[in-house]
Amino acid sequence: MLELIDRFGYLGIGGLVFIESFGVPAPGETAIIAGAAYAGSGHLSIVAVAITAFVAAVIGDSVGYWIGRRGGRPLVQRFGRYVRLTPERFDRVEGFMSRQGPKIVVVARFVEGLRQFNGIVAGITGMPFHKFLAWNALGAALWVGAWSTGGYFAGDHIEEIAKGISRYLVVAVGIAVLLLVAYVWRRRRSKKAAAGA
């Protein structure tokens, strides 16, 4: 990653963040951290790294939004079953997005997997573009701000920090999955109780 940034600089950072933001698996977050660490060691400007990543994230998610808006529903109906997205599940996602859309757009920036499909899902579910753009910009500003600041102050210690984070990330993901399972189980129990009453 550092070699890529050394060779292409801001263009490399922006390119990776841009393509990750509309659904292509790419290390956009890692590019921000590496670019910020590079800035911390005096090779790049941290302000330029943050601005480049922010603009790339907002534009990339906007491209994803329009992909979802123009052709997303037929794509989900045709290929959704391959990623276990049945029409019933999609209806639930659509309902959830219509109720909690702005929060999801902001929070999804920090969740691997959701970050890549955030714009596409917002476009498919019909969130108004001006609303999506505003909340997406807020999420991108928070996300870029967090990772560029962390990477900048980490500087030369970035590899040791990354190893430490990866150890705790597994635990954090495990806890998040358990909480999600408990939430779904509780909702199903309450629905069954309500149906039986």
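Trainee: Does Asp 61 count as buried or exposed, and at what relative accessibility?
Mentor: This is a predicted model, in which local features need pLDDT of at least 70, side-chain atom pairs count only at pLDDT 80 or more, and totals for chains, interfaces and linings use all residues. Residues are numbered from 1 along each chain as its sequence is written, and side-chain values use heavy atoms, with hydrogens and water left out. Buried means under 20% relative accessible area, exposed over 50%, and partly exposed in between, with a 1.4 Å probe and protein chains only. Asp 61 therefore counts as buried, at a relative accessibility of 0%.

Trainee: Which residue forms a salt bridge with Asp 61?
Mentor: A salt bridge is a side-chain nitrogen of Lys or Arg within 4 Å of a carboxyl oxygen of Asp or Glu. The closest N and O atoms of the pair are 2.8 Å apart, and the partner of Asp 61 is Arg 109.

Trainee: How many residues apart in sequence are the parts that this pair ties together?
Mentor: Helices are DSSP runs of H or I with at least four residues, numbered from the N terminus. Asp 61 lies in helix 4 (residues 46-79), whereas Arg 109 lies in the loop between helix 5 (87-108) and helix 6 (114-124), so the parts tied together are apart in sequence by 48 residues.

Trainee: What percentage of the residues of the protein chain count as buried?
Mentor: Arg 109 counts as buried, at 1% relative accessibility. Of the 197 residues of the protein chain, the share that count as buried is 35%.

Notes. Helices (H or I, at least four residues) and strands (E, at least two) are DSSP runs, numbered from the N terminus.
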